[in-house]
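Subject: Structure handover

Hello,

Please find the structure below. My notes on it follow.

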Amino acid sequence: MVTMSTSKKVLAVLVLLSSIFLYYYRTGSMSSSQKLVVVLGGGVVGLQTAVDLLEAGYAVTLLSKHLPGDEDPHYPSQQAAATWASDEPAVDAETKQWYDEGYKRWDEMSNGAEFKSAGVTRRPCFRYWEEPPRGGESALWHSSGVSSFRILDPPDLPSGVAFGTTFTTFCVNAPEYLNYLHNRIIALGGDVIRATLPTDQGLVKGLQAALEVLKNKTSVVQEEDVYAYVNAMGEGGLRMAGDKGLFPIRSQSIHIRGEAHKIADRIGDSGIYYAIPRVGSGITVLGGFMEMGNWNETVNPEVNANILRGCKKLIPECLNEHGEFDVVAEFVGFRPHRKAGARVEIEQIKSLSGSGNITVVHNYAHGPGGFFKSVGASRKVVRLVDSLSSGIILDQNVSKKEEQEVFEGFYRQGKASG
Ligand SMILES: Cc1cc2nc3c(=O)[nH]c(=O)nc-3n(C[C@H](O)[C@H](O)[C@H](O)COP(=O)(O)OP(=O)(O)OC[C@H]3O[C@@H](n4cnc5c(N)ncnc54)[C@H](O)[C@@H]3O)c2cc1C
């Protein structure tokens with residue numbers, strides 16, 4: 001009779017234990033029942049999406065070229081002013097919902113002590129039009145979703161202004177907000193890995209490169225270990241997806257010393273000027289340049305001179321004793337946009353190995369509104385990922401909204417200033 005010697009038994013037990021250890025080592029804190037979603041992009045949209053997916057019970061690994069703290073014209077999230085704004089003269093129902101969700105979320109955050117470090121602050125906003133807004137009352141669609149909205153009485157309008165509104169909104173200290181989201185991902189057990197993926201070889205090759213990074217740095221061993229990818233790479237995401245609609249909305253922004261008491265903008269023939277305090281940092285962000293299709297990274301001093309001139313009327317409280325602003329820094333940035341507006345939808349593509357489909361949920365091209373739209377758009381991503389398990393996949397490849405006027409409408413009044 002063949003019996004196992006004691007040493008062989010010990011060896012078998014050791015092998016069993018080591019495979020159990022290896023399994024848990026490779027899967028980290030991830031429970032075996034959790035599905036892994038890989039988020040590509042560490043801007044506000046990718047970070048918010050990662051947080052929401054983690055809160056919904058998915059395991060998340062985020063890969064990104066830039067991460068909070070990096071300064072680069074092609075990383076607008078770090079540069080953003082940022083506020084909840086309402087520049088669009090008309091919005092479709094879904095975009096309105098994103099606006100509303102963002103407003104409500106920031107309202108909660110600005111009230112809650114637990115969000116102190118997130119950098120969201122409530123402030124009054126004043127909007128001035130040198131000519132009455134085109135579209136009349138319909139341009140004020142946001143009045144129902146915000147608090148303390150009112151049309152300014154003529155005596156309250158500065159000279160040269162024909163129409164004005166005020167309401168309560170929020171300004172976000174962008175660097176603090178990104179750090180907050182990043183820290184939240186880590187606290188929820190997500191992984192964040194710095195990696196640059198190719199964007200000029202198509203989606204399949206881009207995702208394959210992502211898979212290689214995962215294999216090298218995480219417990220992922222094969223294609224099937226990834227339940228879905230989220231493409232939240234902004235400009236890089238449009239490029240990787242081969243999206244022909246890509247164009248930048250180039251900005252020039254200026255940091256000046258002192259925090260304005262309000263958010264203010266003025267829309268006129270010479271362009272749009274805005275001032276948004278970055279509360280807690282001792283600066284205010286001035287801007288006004290929204291130029292489509294220009295990838296020039298160099299600051300144009302004439303444009304900045306116009307922004308400074310335009311903003312003097314908006315926030316005189318920040319002028320020094322010589323009636324000038326103390327300029328701290330100047331930036332060029334590119335907001336990633338696309339003619340049909342933001343793309344938030346599922347795409348299923350054949351994997352390179354040919355063994356099945358890879359699911360990608362796109363969440364990109366939020367243009368000038370990535371901060372305030374990120375909350376609603378990311379919640380939609382979670383719903384789309386959830387829909388995979390039901391077999392009824394929502395919003396699959398529906399991005400043929402080329403005819404919609406979101407893009408036209410946004411800049412209707414905003415010819416490039418400066
Ligand atoms: C001056 C200024 C003021 C603004 N003001 C406002 C405002 O008031 N309110 C508002 O809502 N929005 C505002 N915006 C717009 C807002 O900043 C953008 O809409 C938003 O940052 C877009 O976020 P995102 O995450 O989609 O893209 P991004 O910030 O571009 O992030 C994309 C991410 O993908 C990563 N990535 C890209 N390519 C690759 C690659 N090849 N491999 C790996 N990773 C890659 C990047 O590293 C980055 O982490 C402003 C922008 C600017 C510049």
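In which strand is the place of S148? S148 sits in β4, residues 147–151; helices (H or I, at least four residues) and strands (E, at least two) are DSSP runs, numbered from the N terminus. The model is predicted: local features need pLDDT of at least 70 and side-chain atom pairs count only at pLDDT 80 or more, while totals for chains, interfaces and linings use all residues. Residues are numbered from 1 along each chain as its sequence is written.

Backbone

S148 is not a glycine, yet its phi is positive, near 60 degrees. S148 is exposed, with 10 other C-beta atoms within 10 Å. The cut-offs are 20 or more other C-beta atoms within 10 Å of a residue's own for buried, 12 or fewer for exposed, and partly exposed in between, with C-beta atoms placed from the backbone.

A365, also not a glycine, has a positive phi of about 65 degrees. A365 belongs to the loop between β15 (357–364) and α9, and is buried, with 28 other C-beta atoms within 10 Å.

The peptide bond from A81 to A82 is cis, with omega near -20 degrees. A82 is in the loop between α3 and α4 (93–111).

Helix α9

α9 covers residues 370–390, 21 residues in total. From first C-alpha to last it reaches 29 Å, close to the expected 30 Å, the expected span being 1.5 Å times one less than the number of residues. At G376, α9 bends by about 30 degrees; the bend is the angle between axes fitted to the seven residues ending there and the seven starting there. G391 follows α9 and has a positive phi, near 85 degrees.

Ligand

The ligand is surrounded by 40 residues, the closest being G43, G234, G236, G333 and G370; a residue counts if its C-beta atom, placed from the backbone, lies within 6 Å. Among the elements that each supply at least two residues of this shell are α2 (44–55), α7 (234–240), β13 (327–338) and α9.

Core

The largest nonpolar core has 99 residues, of which V37, L40 and V60 touch the most other members. Such a core is a set of buried Ala, Val, Leu, Ile, Met, Phe, Trp, Tyr and Cys residues joined through C-beta atoms within 7 Å. α2 gives the most to this core, seven residues. Neighbours within four places in sequence aside, V37 is in contact (C-beta atoms, placed from the backbone, within 7 Å) with residues including L53, V60, Y227 and V385.

Regards

Note on methods. Contact = placed C-beta atoms within 7 Å.
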